Amino acid sequence: MDRYNPAEIEKKWQKIWEETEAFKAPALNKIDKNQAKMYLAEMFPYPSGAGLHVGHVRNFTIVDVLTRFYTQQEMNVLRPFGYDTFGLPAENYAIKTGTAPQEVTKENIANFRRQAKKLGFAIDWSREINTSNPEYYKWTQWCFLQLYKKGLAYRKESYQWWCPVDQTVLANEQVENGHCWRCGAEVEKKKMKQWFFKITAYADELLDEIDALDWPDKIKTMQKNWIGRSEGAEIDFDVVSNNGNGQTFVSETVSQISYEKSVRPLGRASEATASDTRDGGLARAGLSGKTSAISDNKLQIKVFTTRPDTIFGATFLVLAPEHPLVHSLIIPQTAEKVNQYQTESLKKSEIERQENKEKTGVFTGSYAINPATGEKIPIWISDYVLMGYGEGAIMAVPAHDERDFEFAEKFDLPIKQVIEKPENSDDDSRCYHGEGELVNSGQFDGTRTEDAREQIVAWLEQQGVGKSKVTYRMRDWLISRQRYWGCPIPIAYDKNGEPHAIPEDKLPVILPEVTDYQPDKTGRSALAKATDWLKVEIDGEEMTRETDTLDGYACSSWYLWRYVSPHDDKAAWDKDAIKYWAPTDIYVGADHAVAHLLYIRFWCKFFADEGFLPFREPVKKLLYNGYINAPDGKKMSKSKGNVIDPLDVIDSGYGADTLRTYEMFIGPYNEDASWDTKAIGGVYRFLNRCWNLAFDKEISKEDLNITTRNKTIKKVTEDLHRVSFNTAVAALMEYVNELYKNGTTAEDNITLAKLLKPFAPHLASEILEKYDSNDIWPVWDESALVEDTVEVVVQVNGKLRAKITVFPDDLLDEEKLTELALKEDNVARRIDGTPKKVIIPKNAKLINIVA
């Protein structure tokens, strides 16, 4: 070729790499144990029909640059690839078109693979995995059974979105502004039995080990907040009837009361009001109009608080609308408003409820006794209280909590100060929530809040109405999906509805092929219609299979371990392979900052406890890259018509090397960046110059770049070790500029190609082939880094007027530096006689002359 032709070069080298299996990791029995290992992976993608986008390219290229870098350093490198294929998009497409998800997935994977190869990614394709392949999900089911055996997979009732028109369960993504995505009907919440993983059993360890992780701080903070460990107290509030006569209800803890029990008549109540039915499938409490009818029993509300020192200022209670005791608290006069409020609240997601700044709520009609003051306080419900945190009930202290203050102000509820704000406090908020001395707090008046917390909890314990407690914002992991396109849960039910594990030797439970992908009218997945598949015999008894499938996060919680032995049919992962390759050294992602990363850590700790893994953390180093936005800075989307197709960029003449290098040069990898058409053109011209140096430029007889070459090797090496890709590319561009200025040698061209190969592997390989060179990473000569001369800037009255070149030793001779500076014509003509002052900062390579 007489000019740089990316299409020709890239096609040539991609063919060579595929034919030679150039990126295949060494077999375990052939590994040189004296060589260091490096296991890298990106968060595997969902293979959508749209194929790769430029965001994928950035994510995958980061892994690829590091893969090639460590390979060139002669390490044993593992870089596999896979696809997270189960999920809602394929099922929705199947419902709309009748096309089987299996077919769509197969086509999409083929497209992703073709695109990845066209980008020159150094992937070990022999380890490719697909989560919807029975060979893979057999072991996902095995993982489920290990958790089930230990009681960490269990079943309980939970709310799910429900469309009353389509008569089907909806995923969160299928609810748009409170309406069904298909028919537009207003959605409801329906209680259904669901499967959970008990991730809370590992909450403390998951939290305690976060700080030691070599992960981005923002990701660690997000994980801490998600786990949300809170230390405080659980306090019992006795409920009294609304007429304040001291009569109380049945005593049961919140955790013991199921939803069904809470809507049945309590005590002697047997009459139901005429309005005792509700839309949305929720039944009203069976309360008669006579509060005395329940006077022989007792009811308590348990509240968790992180500030027990403020209990004397609690002037009302607030329960989550879905709290199981609400129906035991309402009276005929409040029933309609309470039930209507519950219905509206259940249409909102927890995120919407937390984001809603305007406080709303309804009084139940009942009161509780503040155990510290003995005062009767009203019980309200409001959607700013979530059932998923603490006990789903709060004691409201409006004088010292902003949300409680807003609620009290809106509904004209009492506000009682119990903390004296220090005189030196600069807190000017409407309600002070810092530390101070207690007031209006009985025997604890004058006590510092830090000390009062412990003292008041001890006092409440003595009274038998409270105790210290640790709680978590993180709830157990809901893994049931009423979906067809997912991993079948390996459970079957006997005639009494009791669950039984499918024997391990009967795995996998194969997902049957169906023609109707719509859930049935009871909310079960399309699997409920596969009548032949439903029946299974266990221990001689005919049982019915579970029709829920697993959350896709279950499939992605262990794939990093499957990569080490992806074709093993005897175990989920080979113990020797896992011992050598794992844990993953570098893991790169742009999404799933909390859930996925938390779940793989949970499974890692569990399987370590069971003796299947020799480590307790799955990822040593996490890189979290930013997004590529449209040129105007907006997020790319099909609807906006601003999506950049990477294949269009490649086929336009730029080639894969230009695209890869540009996305690494666009800015720090962990920051968002906007696509710049001019900038990618600049990168293409840079690669052209690299080509010209090797194939067009005459080789210089004199090596004038020894120092520059060694400095560039050092700079690029150190930048890649600290994952500063953009500065590494910038250093290569500076090196090319020097080679054009000083002339290039064969050694320069070979060095340039080796340093360039992680970014532009096709072009670099072509250059190395010309010189019949290997690609082993170069090492700099420390002694060659010493510069023969240095450049010193000369300023007159703060403005640059000249640059002088001196020997390093001259930097110590101020007299000589001044003499050389004043000889410069551009300096001399701006000074009238002797300068007033000459300032030469130590080691600054700067002379500042005051004229």
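Which residues does Asp 748 touch, not counting residues up to four places away in sequence?

## Asp 748 and its surroundings

Asp 748 touches Asp 703, Asn 705, Arg 709, Tyr 735, Leu 739 and Gly 743, when residues up to four places away in sequence are not counted; contact here means heavy atoms within 4.5 Å. Asp 748 is found in helix α23, which covers residues 746-756. Helices (H or I, at least four residues) and strands (E, at least two) are DSSP runs, numbered from the N terminus. The relative accessible area of Asp 748 is 0%, so this residue is buried. Buried stands for under 20% relative accessible area, exposed for over 50%, and partly exposed for values in between, with a 1.4 Å probe and protein chains only.

## Basis of the model

The model is predicted: local features need pLDDT of at least 70, side-chain atom pairs count only at pLDDT 80 or more, and totals for chains, interfaces and linings use all residues. Residues are numbered from 1 along each chain as its sequence is written, and side-chain values use heavy atoms, with hydrogens and water left out.

## The chain as a whole

The protein chain contains 26 helices and 36 strands. Its C-alpha trace spans about 105 × 80 × 50 Å along the principal axes. Of its 851 residues, 54% count as buried. Among contacts between residues at least 6 apart in sequence, 73% join residues at least 24 apart.

The accessible surface of the protein chain comes to about 38300 Å², and 47% of that surface belongs to carbon and sulfur atoms; the areas come from the Shrake-Rupley method with a 1.4 Å probe, and for residues only the protein chains shown count as cover. The chain carries 108 positive and 131 negative charges, whose mean positions are 2 Å apart. Lys and Arg count as positive and Asp and Glu as negative, whereas His and the chain ends are not counted. Each charge is placed at NZ of Lys, CZ of Arg, CG of Asp or CD of Glu.

## Nonpolar cores

A nonpolar core is a set of buried Ala, Val, Leu, Ile, Met, Phe, Trp, Tyr and Cys residues joined through side-chain atoms within 4.5 Å. The largest one has 94 residues, and those with the most contacts inside it are Phe 144, Leu 560, Trp 561, Trp 573, Tyr 587 and Trp 603. Helix α18 (residues 595-609) supplies the largest share of this core, 11 residues. Apart from it lies another core of 77 residues, including Leu 119, Ile 644, Leu 732 and Leu 768.

## Ile 235 in strand β10

Ile 235 lies in strand β10 (residues 229-240). With a relative accessible area of 0%, Ile 235 is buried. Beyond neighbours within four places in sequence, its contacts include Ile 301, Val 303, Pro 371, Met 395 and Leu 460. Ile 235 and Leu 817 are 582 residues apart in sequence and 78 Å apart in space, C-alpha to C-alpha.

Two strands pair if DSSP finds at least two bridges between them; β23 and β28 (residues 549-550) are joined by 2 bridges. Thr 549 in β28 is the bridge partner of Pro 488.
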